[in-house]
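Biologist: Could you take me through this model before I plan my reading of it? Please begin with what kind of model it is.

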Amino acid sequence: MDFRIEDITEEEIDRRLSVVEPLTDSVRQLVDAVIRSEVSDERLAAAKEKVDAIVADLREQQRPGSFGTPYTKEFIGMPWGNAAVGARNAVAPPLRIQRSPGLAECEMVLGAAYEGPGGCVHGGVAALLLDQLVGEAASTDGLPSFTGTLTVKYLRPTLLGPLSARAEVTRREGRKTFVHATMSDADGVTVEADAIMICPKDFVLPTGDALPPAADRRLDR
Ligand SMILES: CCCCCCCC/C=C\CCCCCCCC(=O)SCCNC(=O)CCNC(=O)[C@H](O)C(C)(C)COP(=O)(O)OP(=O)(O)OC[C@H]1O[C@@H](n2cnc3c(N)ncnc32)[C@H](O)[C@@H]1OP(=O)(O)O
């Protein structure tokens with residue numbers, strides 16, 4: 001796992017985000033445009049050439065593997081490659097999660113890129129987003145928690161469009177945290193999930209240190 005430390009200021013984080021977030025958003029627009037475009041085959045082929053040129057340009061300098069999750073020395077996390085919340089990841093809607101102790105909530109608009117059954121959210125996407133949310137709810141006290149078990153119940157089809165989601169810790173038992181989560185549309189809950197999150201035994205940082213006291217960690221912004 002990649003939890004490297006990167007010693008930068010919060011201002012530097014903001015500066016980097018101000019560059020990459022608009023780019024990622026443009027790529028999201030590109031994904032949506034490719035799915036829904038009805039221009040001619042010739043124009044689609046021409047678009048491919050332009051996209052390939054951009055990819056070649058970006059690949060001139062590339063980090064190996066994935067982005068990982070760097071943390072500042074103040075333990076502000078930068079999970080920018082994350083599939084649900086990543087600021088550099090056009091696959092992520094992205095979720096913009098509000099956290100308070102034991103609770104994580106967000107509103108989102110899921111478009112054509114998240115389709116499963118026609119016009120509906122893919123069940124795997126709903127599970128992905130709820131997995132992130134239960135992870136964040138379990139981690140609001142600063143303990144890293146990994147999903148041990150995630151049980152998802154699809155109550156009725158979730159139509160693409162504006163949605164909200166919520167995850168709440170129901171109880172903690174030693175290293176285990178139990179979390180209940182829901183995804184809802186304007187008419188109520190469409191998907192519910194229950195998770196058992198586990199804090200790994202003797203978790204240590206890449207520096208070899210134990211985690212600092214929870215109060216000193218923010219893990220993310
Ligand atoms: C610089 C600071 C860095 C901090 C980092 C902070 C991060 C948080 C910040 C921000 C939130 C981010 C949010 C992310 C969201 C995304 C969530 C995901 O997608 S997570 C990826 C998918 N999940 C995995 O890949 C897990 C893979 N599995 C494992 O690593 C292990 O199996 C693990 C950790 C789950 C358990 O391993 P063991 O060795 O600790 O477990 P044992 O000691 O055997 O058991 C402990 C207790 O847990 C139960 N248990 C173990 N495995 C279980 C399971 N799979 N399901 C249910 N219970 C399980 C056992 O029965 C036991 O319970 P009894 O104490 O006896 O009551």
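This is a predicted model: local features need pLDDT of at least 70, side-chain atom pairs count only at pLDDT 80 or more; totals for chains, interfaces and linings use all residues.

Biologist: Which domains does the chain have?

Modeller: The assignment gives domain 1 (1–94) and domain 2 (98–204 + 211–216); such bounds come from an automatic or database domain assignment. Their C-alpha centres lie 23 Å apart.

Biologist: And how many residues of domain 1 are in contact with domain 2?

Modeller: 9 residues of domain 1 are in contact with 10 residues of domain 2, contact being C-beta atoms, placed from the backbone, within 7 Å. The side of domain 1 that touches domain 2 has 7 nonpolar, no polar and 2 charged residues. Here Ala, Val, Leu, Ile, Met, Phe, Trp, Tyr, Cys and Pro count as nonpolar, Asp, Glu, Lys and Arg as charged, and the others, Gly among them, as polar.

Biologist: Switching to the ligand, which residues come nearest?

Modeller: Of the 23 residues around the ligand, Gly135, Pro144, Gly148, Thr149 and Ile198 come nearest; a residue is near if its C-beta atom, placed from the backbone, lies within 6 Å. Two or more shell residues come from each of α3 (123–138), β3 (146–154) and β6 (188–198). These elements are DSSP runs numbered from the N terminus: helices (H or I) of at least four residues and strands (E) of at least two.

Biologist: Why does the ligand shell lie between the domains?

Modeller: Domain 1 and domain 2 both give residues to the shell, so it lies between them.

Biologist: Back to α3: is it largely enclosed or open?

Modeller: Largely enclosed, because 12 of its 16 residues are buried, meaning 20 or more other C-beta atoms within 10 Å of a residue's own, with C-beta atoms placed from the backbone. Among the buried ones are Leu130, Leu133, Val134 and Gly135. Their cover includes β1 (98–100), β2 (103–110), β3, β4 (161–173), β5 (176–185) and β6.

Biologist: What does α3 give to the largest nonpolar core?

Modeller: The core has 30 residues, and α3 supplies the largest share, 8 residues. A nonpolar core is a set of buried Ala, Val, Leu, Ile, Met, Phe, Trp, Tyr and Cys residues joined through C-beta atoms within 7 Å.

Biologist: Which residues does Val179 contact?

Modeller: Leaving aside neighbours within four places in sequence, the contacts of Val179 include Val134, Ala137, Ala138 and Met197.

Key: Residues are numbered from 1 along each chain as its sequence is written. Two residues are in contact if their C-beta atoms, placed from the backbone, lie within 7 Å.
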